[in-house]
Amino acid sequence: MRSCSLHLRIGACLAVAALAQGVAQTPARQRSVAITLDDGPVVNEMKDLENFQRIAGRLREALVAEKVPATIFINERQLNVPGQREGRVEVLTKWLDAGYDLANHTYSHPSINKVPLWQFEDDLIRGEVIMKSLLEARGRKLEWFRYPFLDSGMTTEVHQAFMDFLEQRHYRVAHVTVDYKDYTFAGVYQRQLRAGKPEVAEKVKQAYLEQVPLGFERAEKASVEVYGYEIPQILLIHCNELNSVSLRDSIGKMRERGYSFVTLDEATKDPAYSRADTFAGSGGSWLDRTARTMGKKIEAPNPRIPAWITELSGPAR
Ligand SMILES: [Zn+2]
C-alpha cells in the first residue's frame, strides 16, 4: 500500500510538473504508431506448413500479448500450396478471430513499375479472393492496399490510372513512415539459424533490435523537418521468422520512446496523410515522398545497416 500511495504521489507531482511546463511551452504530442506487417501470412515459407503456422502463430501471439493493434498485408499466393491450402487459410482466420485487420498486398508481389498496369491490377484482384470473403462473413470490409516494394508507378499517368482503379474498388493506400529494413536482418537471421548457427543468429537479432530506435529517430526527425511536428507514424515490418521471435522486444523499444499504438485508420486521421498522393516512382516512405513533392530535402539520415550484416546478407542469396 505504501509503495502504491508513493507511486500516486510521484504521478501527481509529475502531472503538476508537466502542467507547469505546458504553460511555458507547447505540450509535446503523444507519440503514436500503427504497426503494419507485409508479405503475410509468412514470407518465403512456400513448402513447410509447420514453419508457416509456427511463425504466423508467434507473430500473432506477440501482438496479442502486447495488446497492440496491427494490420497484416497478405499475398494470397502463399495460401495456394497444394495439400496445405486449408492449413494456410486457417492462419488468416486466426488473425481475424484475434481482432486483427487483413489487407491486400497483391497476389504474387509484383512491382507496378515492372509489369503492365493491367497485369498489376489483375494481380491485385486475384489477391483479394479469400480475404474478401472471410472479412465479409464477419461483416467487415477489405479496405487497405500496400504497394509491393513501395513502388507506385513509373509515370504520373500510370500512378493516376492506378489511383482511379483503387478508388473504384474502394481501397485506401497504406503509406509507410518508419522502415528500418527488417528484411535485411531477417534473411541473415533465418539463414544462420537454419544453418545450425544459433549463436550468430542471436547476434543478428540483437543488432536488429538496436536498429529499431534508430529507425524511429529518423522518422521523428524527418517528420519535424517535413511537417513541423511528429506525425502519427506507420511502421513497416514483415511477416518473417526474425520478427516472430523479436516483436515483443521491438514493441518494448517503441514504448521506451513513448509510443502508444493505434490502428491505420486512427493514424491516418492526421492531416499529414490527407495530402494528395501524386508520387510516382520507386520505394520511399511517405515522409520522403512528401518532401520530394514539396521540393524539400530531408537532412535526418537513414540508419546504417552494420557492415557485418550486409556482408552476411550478400553472397549466399
Ligand atoms: Zn512486400
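**Zinc site, core and local geometry of the predicted model**

The zinc ion is coordinated at 2.0 to 2.1 Å by D39 (OD), H105 (NE2) and H109 (NE2), where donors are N, O and S atoms within 2.8 Å of the metal (3.2 Å for Na, K and Ca); water is not among the atoms, so sites may look incomplete. The model is predicted: local features need pLDDT of at least 70 and side-chain atom pairs count only at pLDDT 80 or more, while totals for chains, interfaces and linings use all residues. Residues are numbered from 1 along each chain as its sequence is written, and side-chain values use heavy atoms, with hydrogens and water left out.

The spacing of the zinc donor residues in sequence is D-x65-H-x3-H. Two of these donors, H105 and H109, were examined for burial, with buried meaning under 20% relative accessible area, exposed over 50% and partly exposed in between (1.4 Å probe, protein chains only). H105 has a relative accessibility of 1% and therefore counts as buried; H109, at 18%, is also classed as buried. A polar atom of the T106 side chain lies 3.0 Å from the backbone nitrogen of H109. This falls under the definition of a polar contact, a pair of N or O atoms within 3.5 Å; within protein, one must be able to donate a hydrogen and the other to accept it, and residues adjacent in sequence count only if both atoms are side-chain atoms. T106 is located in the loop between β3 (101–104) and α4 (117–126); helices (H or I, at least four residues) and strands (E, at least two) are DSSP runs numbered from the N terminus. The relative accessibility of T106 is 0%, so T106 is buried. Apart from neighbours within four places in sequence, the contacts of T106 (heavy atoms within 4.5 Å) are I74, N75, E76, F120, D123, L124, G127, F145 and P148.

The largest nonpolar core comprises 82 residues, and I35 and L63 have the most contacts inside it. Such a core is a set of buried Ala, Val, Leu, Ile, Met, Phe, Trp, Tyr and Cys residues joined through side-chain atoms within 4.5 Å. Helix α8 (residues 198–227) gives the most to this core, with 10 residues. With neighbours within four places in sequence set aside, L63 is in contact with I35, L37, V68, A70, W95, Y100, L247 and I251. In helix α11 (residues 286–294), the buried residues are W286, L287, R289, T290 and A291, and the buried residues of this helix pack against α8 and β6 (233–238). The N-terminal end of α11 is capped by S285, with a side-chain oxygen 3.2 Å from the backbone nitrogen of L287. G295 follows α11 and has a positive phi near 75°.

Aromatic pairs number 13 in the structure. Rings of Phe, Tyr and Trp (its six-membered ring) pair if their centres lie within 6.5 Å; planes under 30 degrees apart count as stacked, over 60 as edge-to-face and the rest as tilted. W95 and Y100 form an edge-to-face pair, with 5.5 Å centre to centre and 80° between the planes; both W95 and Y100 are buried. The pair of Y227 and Y229 is tilted, because the ring centres lie 6.3 Å apart and the planes are at 55°. Both Y227 and Y229 are buried. A cluster linked by ring pairs contains F120, F145, Y147, F162, F165 and Y171. A charge sits over a ring if NZ of Lys or CZ of Arg is within 6 Å of the ring centre and within 35 degrees of the ring normal. The charged end of R88 sits over the ring of F52, 4.1 Å from its centre, and R126 lies over the face of Y107 at 3.9 Å from the ring centre.

Most residues other than glycine have a negative phi, and most peptide bonds are trans. G40 and P41 are joined by a cis peptide bond with omega of about 0°; P41 lies in the loop between β1 (31–40) and α2 (49–66). K67, not a glycine, has a positive phi of about 55° and is placed in the loop between α2 and β2 (70–74). With a relative accessibility of 73%, K67 counts as exposed. L150 is likewise not a glycine and has a positive phi of about 60°. L150 is found in the loop between β4 (144–145) and α6 (156–168) and is buried, with a relative accessible area of 13%.
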